[in-house]
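Trainee: I'm new to this one and would like to learn how to read it. Could you walk me through a few features?

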Amino acid sequence: MSIDRIVLAFAGTVVLVSVALALFAGMTWALWITGFVGLNMLQAAFTRFCPLAMILKRLGVRPGAAFS
């Protein structure tokens, strides 16, 4: 699995968990997490800066096209 796919899978998981917390546990503050992930993905699309991608690269995960 490449860095790109891991980053996308992680972001998707965080979004789904935070929405589930807001809907089923009444923790509406969790929607701020969803917003943060969305903003981070948007800025990463333009700047190619992603802290998770940097950590994964240092751990030796195979780079993909987006975060090489």
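**A pocket and its helices**

Trainee: Which helices each supply at least two residues of the lining of the largest pocket?

Mentor: H1, H2 and helix H3 (51–58) each do. Helices are DSSP runs (H or I, at least four residues), numbered from the N terminus. The protein has three helices and zero strands, giving the pattern α-α-α along the sequence. This is a predicted model, where local features need pLDDT of at least 70, side-chain atom pairs count only at pLDDT 80 or more, and totals for chains, interfaces and linings use all residues. Residues are numbered from 1 along each chain as its sequence is written, and side-chain values use heavy atoms, leaving out hydrogens and water.

Trainee: How much space lies in the largest pocket?

Mentor: Rolling a probe the size of a water molecule over the atoms shows where empty space is left. A pocket is an open set of points on a 1 Å grid over the protein atoms alone where a 1.4 Å probe fits, with protein on both sides within 12 Å along at least five of seven lines; lining residues have an atom within 4 Å of a point. Here the largest pocket holds about 360 Å³. Its lining has 17 residues, and Val7, Ala11, Asn40, Met41 and Cys50 are the closest to its centre.

How values were computed. Grid points are joined across faces, edges and corners, and a volume is the space filled by probe spheres set on the points.
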